[in-house]
Amino acid sequence: HAYSASMDAQRTAEQLSHIEEQAGPAFDPKYRAELEKDAANKMINMLWRVCKLKLEDHIRGACDQFLNDMTVSRATQRKRAEGLKLWGTIFSKVSKQPHQNDTQP
């Protein structure tokens, strides 16, 4: 997902550059602003996806260490697993709040 978001952002930036070169000084400022906003939203989307991958990797590593800690009893490991499962259930029920800069599909 991060790769496709990156490619999408790059294509939009290239499209903006190409149109700007062809139009020269006659480039419509409103259309330019729309393209720049679209490019910015795609860059933010790409950055989010990359950061999300890093976060997931760190969380996965922390959970693995937390659950496989051999210095605690199996009962404690089990309680930790139950707690993480509850935490995951709560987080999975949270939905993204819409934002004014979100692009519509």
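Modeller: Gladly! Of the 105 residues of the chain, 12% count as buried. Buried means under 20% relative accessible area, exposed over 50% and partly exposed in between, with a 1.4 Å probe and protein chains only. This is a predicted model, where local features need pLDDT of at least 70 and side-chain atom pairs pLDDT 80 or more, while totals for chains, interfaces and linings use all residues. Residues are numbered from 1 along each chain as its sequence is written, and side-chain values use heavy atoms, leaving out hydrogens and water.

Colleague: What makes the chain more spread out than a compact globule?

Modeller: First, the elements: the chain has three helices and zero strands, where helices (H or I, at least four residues) and strands (E, at least two) are DSSP runs numbered from the N terminus. The radius of gyration is 22 Å, well over the 13 Å that the globule rule gives for 105 residues, so the chain is more spread out than a compact globule. That radius is taken over C-alpha atoms, and the rule is 2.2 Å times the number of residues to the power 0.38. Along its principal axes, the C-alpha trace spans about 70 × 25 × 15 Å.

Colleague: How do you know that the reach of helix 2 is close to the expected one?

Modeller: Helix 2 covers residues 29–67, and its 39 residues reach 56 Å from first C-alpha to last, close to the expected 57 Å. The expected span is 1.5 Å times one less than the number of residues. The buried residues of helix 2 are L35, A39, N41, K42 and M46.

Colleague: What makes R80 count as a charge over the ring of F66?

Modeller: The rule asks for NZ of Lys or CZ of Arg within 6 Å of the ring centre and within 35 degrees of the ring normal. The charged end of R80 sits over the ring of F66, 4.5 Å from its centre, so the distance meets the cut-off.
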